[in-house]
Structures are given as C-alpha cells and as structure tokens.
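Have the structure open while you read.

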Amino acid sequence: MSAGPASGTPSSPEGAATDAAPPPLSQPESLPQLFWAFTWLALQGFGGVLAVAQRELVERLNWMTREEFVETLAVAQVLPGPNIVNISLMIGDRFFGLRGALVALAGMMLFPAVIVLVLAALSTTWLASPRMTGALRGMGAVSAGLILATGFKLLPSLKKNPIGLTPGLALAALVFCATVWLKLPLFWIVLSVGGLGMTLALIALKRSRAGVRP
C-alpha cells in the first residue's frame with residue numbers, strides 16, 4: 001500500500017515563494033562605513049546627487065525602500081538647505097543618532113569641499129576658457145536628465161502613497177506648471193501645492209482607518 005501525501009503539506013513550492021517576505025533592509029555596521037558610503041555618494045554626484053543617492057541608498061546598500069526614500073526626500077525638500085544634505089543628516093541620525101548625523105554630513109561635505117576649493121583656485125584661468133564653459137553647460141543638461149530619470153524610477157512608489165498614483169501625478173503636474181510657466185517662488189509652491197498634498201493625504205488616511213474599524 002503506497003502512502004499518499006501528508007495532509008496540510010503544500011503540493012508545490014510556488015505558494016511558499018509567493019508568501020515569502022521581501023529581504024530585510026541592511027544598515028551600516030559602523031560610523032566609518034557610514035562616512036565612506038556618503039563620501040562615495042558625494043564623489044559620484046556631478047550635477048545630480050539625488051539620482052546617485054537613490055541608486056546607492058535604495059538599490060546598492062539597501063538601507064531604505066523606495067517608499068522610505070520618497071518620504072525622506074519630501075521632508076528634505078521642505079526643510080531649509082540642500083536636499084541631499086538634509087537626507088544625509090536624517091539617515092545618519094536614523095542609524096546612530098547625533099553622531100551618525102554629523103558623520104554622514106562630514107562624508108557628504110569633506111572631499112567635495114576640497115575639490116571645490118581646488119577648482120576655485122583654478123577658476124581664473126582654466127574654468128574661464130570657452131571650452132570649459134560649454135562643458136559645464138553640457139553637464140547641466142546631464143543633471144536635468146538624471147533628475148528626470150530618478151523621478152520616473154520612483155513613480156511606482158506612488159502606488160503605495162495614501163493619495164494614490166493619479167492624484168500624485170496631478171500634484172506633480174501642478175508643481176511643474178507653477179515652476180516652468182508661472183515661475184512662482186519655491187516658498188509659495190511648497191505652501192500651496194504641498195499644503196494641498198498634505199490635506200489629500202490626511203483625508204485618505206482618515207478614510208482608510210474608518211474603513212478598517214468595525
């Protein structure tokens with residue numbers, strides 16, 4: 001008599017693979033690792049540090065998800081100062097507190113500051129040439145392309161946003177129109193469109209919580 005399959009055991013491994021949770025996020029093991037990670041990030045960011053930050057922090061290091069990166073970037077946009085500097089402070093504080101924030105900031109600023117000082121010393125002769133002026137203009141186009149590519153890469157994360165993909169794209173279109181055509185100051189764009197986005201998110205969160213409650 002042959003024994004049949006035991007009851008309760010899955011007939012195929014596909015079900016277990018489908019229910020498998022995503023791999024856990026990593027984190028820096030020490031302050032030196034945090035410092036060199038942000039140093040390498042800063043040295044790659046010629047004209048488009050945010051694009052490099054998304055690739056390094058999300059894809060290569062796996063320190064945060066795309067959704068977490070978008071949320072961190074949103075907070076960094078509202079705060080005063082450069083976005084990537086604010087992001088480095090928040091991530092450093094997330095892992096090591098105040099020490100981590102200072103170390104991450106040092107990694108972002110130390111070597112780029114040295115490079116900028118060297119270029120400033122050469123600016124009167126080398127950077128003043130027409131060839132270098134044209135090269136810098138070309139780098140500006142590359143920077144715009146990097147920012148656009150990062151935006152398209154992060155679009156899927158809007159599906160998990162409380163307001164959803166379509167309202168998120170509508171808000172992005174409003175920001176684009178206000179910036180390019182109306183040429184409004186950033187303060188008024190953040191106050192108006194940012195306030196509208198926050199209001200929509202709060203309404204969506206209240207509705208979702210009301211639907212869960214009996």
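Q: Which helix gives the largest share of the lining of the second largest pocket?
A: That's α5, with 8 residues. A helix here is a DSSP run of H or I with at least four residues, numbered from the N terminus. By the way, this is a predicted model, where local features need pLDDT of at least 70, side-chain atom pairs count only at pLDDT 80 or more, and totals for chains, interfaces and linings use all residues. Residues are numbered from 1 along each chain as its sequence is written, and side-chain values use heavy atoms, leaving out hydrogens and water.

Q: What makes the lining of the second largest pocket nonpolar, polar or charged?
A: Ala, Val, Leu, Ile, Met, Phe, Trp, Tyr, Cys and Pro count as nonpolar, Asp, Glu, Lys and Arg as charged, and the others, Gly among them, as polar. On that count, the lining splits into 13 nonpolar, 1 polar and no charged residues.

Q: How does the lining of the largest pocket divide?
A: Into 30 nonpolar, 10 polar and 1 charged. Leu-73, Ala-74, Gln-77, Ala-172 and Val-175 lie nearest the centre of this pocket.

Q: Why is Leu-122 called partly exposed?
A: Buried means under 20% relative accessible area and exposed means over 50%, with partly exposed in between (1.4 Å probe, protein chains only). Leu-122 has 38%, so it is partly exposed. You'll find Leu-122 in helix α5.

Q: Which helix gives the most to the nonpolar patch?
A: α5 does, with 7 residues.

Key: Helices (H or I, at least four residues) and strands (E, at least two) are DSSP runs, numbered from the N terminus. On a 1 Å grid over the protein atoms alone, a cavity is a set of points where a 1.4 Å probe fits but cannot get out, and a pocket is an open set with protein on both sides within 12 Å along at least five of seven lines; lining residues have an atom within 4 Å of a point.
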